[in-house]
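User: I am new to this one and would like a guided look at it. Could we go through it step by step?
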Amino acid sequence: MSTSTLTRKSVNKVPVNKKPVNWRRVGAWALVAVAVAVTVAPFLWMLRTALSTNASLASNAGNLLPADFNLGAFKRVLGMQSPEEAIAEGGSGAAINFWLYLRNSIIFASVTTAGQVFFSAMAAYAFSRLRWPGRNAVFGLFLATMMVPPIFTALPNFLMIKNLGLLNTFAGMTLPFLFMTPFAIFFLRQFFLSMSREVEEAAMLDGAKHLRIFFQIVLPNAAAPLATLALLTFIGQWNEYFWPLLVGQDENVRVLTVGLGVFKSQSPQGAPDWTGLMAATLVAALPVLLLFIAFGKKVVNSIGFSGIK
Amino acid sequence: MMTTLTKQQQDPAARAGLPKAGKTARKGRLRRLGDLKMALFFIFPAMIGFVLFYLVPTIRGVYLSFTEYSILGDPTWIGIKNYTAMLGDELFWNAMGVTVQYVGLNIGFQTLIALGLALLMHRVAKSTFIRGALLLPFLVANVIVALLWFWMLDYQIGIVNEIINWMGLPRIAFFGSEQWAIPTIAAVNVWRHMGYTALLLFAGLQSIPNHVYEVASLDGASPTRTFWSITMPLLRPVLVLVLVVTVIGSFQVFDTVAVTTGGGPINASRVIQMYIYQKAFGESDFGYASALSVILFLILALVAFVQMKFLKGNESDLD
């Protein structure tokens, strides 16, 4: 792709103090603009398609504006159209209940996020503030599992959930994520280690117990990293596909990502229901987009390698 | 989601809590056990999760790989038969080939583009807004990204083929032809990950102190020279970590394949994780699927090890 040649160009740009137009800088900005356009344009195309009708899509394939502007696709996806109307507009007519999937996604992502962040914080406290034999060995063992690919544990986990009779239940879907991930513990432990202990030590001299210190001092002081971790975890869980695909096929627990896959495979009337599909993806992406608009800076700044020389 | 890699900090035991004001007689025992009781309490939930969903499945996965098991009945021990069967399994080798091809295309382009973007951000565009915009695709689910491109790359009425057609070129069956399926899936994921990877590299670039560049420019080093003798060597540890993380992720590509081609046409995009999935859940061959995932695990460990070793990821030239 053409961008690979940019590397050199942008580096060649030495700070020049001459007044005339700095063409290198202009060129660099142009490349940034292209990158942003390439990134954002497909999302606009998603919106444009969702606001079109299937019937007029083909004849307006190259038109940048919605073909026959219409909210039918959103209505179809959100179950506000009768099957007859849906079929007339190129939908499958099968009941697709995105409200239900939306509810399921919210339950799945929030329960796993809350559990994972809280229990990981507890463990991180034990790894950073308490002194006990075998602490570093246990921590090392936890960290080592970061290397294990999810598919590797997914098969035995599936068998266990199946044997427990928890297939197609929220319990089965959330349990493997509920208690910890090595990454969450690692992430929080780093912050706890970097936090000043003066207040805690004073509290301890006053006879405060660890439980109180954890709840009243450590957690409030770590609110920012906890929020960042929760945000990242929520987005990750909202987007999770593989595990819910394995254990949550049933409508009652089906999350949006799995629902989208099913929706795509119901190719009605020969051609896919493109407008419905794009409306559905927009609905599914919306919560993450809203979170990102609200907390974008936090997300952006959380990405990096801190502490590496 | 792996977002922050932090060097393990030294953690002297001395910092872990105040010495208890205990009686001298029990001091020795106390020192050995420390806060064990409290620690057990705090670590209990995480320990349940670790043992039940990481440790036991890992051991069980290795065990199952030596058995024949079809979910019904009990696993039967068959020794290394699953592994020897793999040697003659054409679909397995095909899956490996397809996966390696995918990883090569995906990582190659993704890293080059991300490096370019990171340098651009570092030099001219530090704004959070631009960084946020470039990060957007990464925050949206794989499935959504896959479906969006599935539509945009549609043979008949997809916008990309409209543009190709308008330029007077023949339409391309991006997901529908054997030769295009893997490059297309790789490109879709380059699009999704390039901004994220660029941000990681950007953070690495920012950690290179300015005075190094100043010295170089005082010495009259050309920009090209500066890039190859300063930027690249100093960025290397971060670059290697980024490569380790992205290559490992890339080997496990599944979502995009599952919702677009499903592994086809014919076997053209049946990546290794898709093959494992089909063996386990399509053919109920859990023993063989487990053996496949043991091999995948070993490959990933090897790849990470080789990258760290030969690219010297944990050494910095900045001293």
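Analyst: Let us start with a term: a crossing of two helices is left-handed if the near helix is turned anticlockwise from the far one by less than a right angle, and right-handed if clockwise. With that in hand, the crossing of H9(B) and H10(B) is right-handed. Please keep in mind that this is a predicted model.

User: Which residues make the contact between H9(B) and H10(B)?
Analyst: On the H9(B) side they are Val212(B), Tyr213(B) and Ala216(B), and on the H10(B) side Thr226(B), Ile230(B) and Leu234(B). By class, five of the residues in this contact are nonpolar, one is polar and none is charged.

User: At what angle do H9 and H10 of chain B pack?
Analyst: Helix H9 (residues 210-218) of chain B packs against helix H10 (residues 223-251) of chain B at about 165 degrees, and their axes are 11 Å apart. Because angles over 145 degrees count as roughly antiparallel, H9(B) is roughly antiparallel to H10(B).

User: Let me step back. How many helices and strands are in chain B?
Analyst: Chain B has 13 helices and two strands. Its length is 319 residues, of which 44% count as buried. Among contacts in chain B between residues at least 6 apart in sequence, 69% join residues at least 24 apart.

User: How do H8(A) and H2(B) cross?
Analyst: The axes of helix H8 (residues 150-163) of chain A and H2(B) come within 8 Å and cross at roughly 90 degrees. The two helices, H8(A) and H2(B), are therefore roughly perpendicular to each other.

User: Which residues make that contact?
Analyst: From H8(A) come Phe152(A), Thr153(A), Leu155(A), Pro156(A) and Asn157(A). From H2(B) come Phe53(B), Tyr54(B), Pro57(B), Thr58(B), Arg60(B), Gly61(B) and Leu64(B). Seven residues of the contact of H8(A) with H2(B) are nonpolar, four are polar and one is charged.

User: Now the strands. How do E1 and E2 of chain B run?
Analyst: Strand E1 (residues 67-70) of chain B and strand E2 (residues 72-77) of chain B run antiparallel, joined by three bridges. Ser70(B) stands opposite Leu72(B) in E2(B). The hairpin of E1(B) and E2(B) has one residue between the strands, and Ile71(B) there takes a positive phi near 70 degrees.

User: Where else is there a positive phi in a residue other than glycine?
Analyst: One case is Ile266(B), with phi near 55 degrees. Ile266(B) sits in the loop between H11 and H12 of chain B. Another is Ser284(B), which has a positive phi of about 55 degrees and is found in the loop between H12 and helix H13 (286-310) of chain B. For context, most residues other than glycine have a negative phi, and most peptide bonds are trans.

User: Which peptide bond is cis?
Analyst: The bond from Gly264(B) to Pro265(B) is cis, with omega near -10 degrees. Pro265(B) lies in the loop between helix H11 (255-259) and helix H12 (272-282) of chain B.

Key:
Residues numbered from 1 in each chain as written. Chains lettered and ligands numbered in written order. Predicted model: local features only at pLDDT ≥ 70, side-chain atom pairs only at ≥ 80, totals over all residues. Axes fitted to C-alpha atoms, helices over the stretch in contact; angles between N-to-C directions. Helix = DSSP H or I, 4+ residues; strand = E, 2+ residues; numbered from the N terminus. Parallel < 35°, antiparallel > 145°, perpendicular 65-115°, else oblique. Contact = placed C-beta atoms within 7 Å. Nonpolar A, V, L, I, M, F, W, Y, C, P; charged D, E, K, R; others polar. Pairing = 2+ DSSP bridges. Buried ≥ 20, exposed ≤ 12 C-beta atoms within 10 Å, placed from the backbone.
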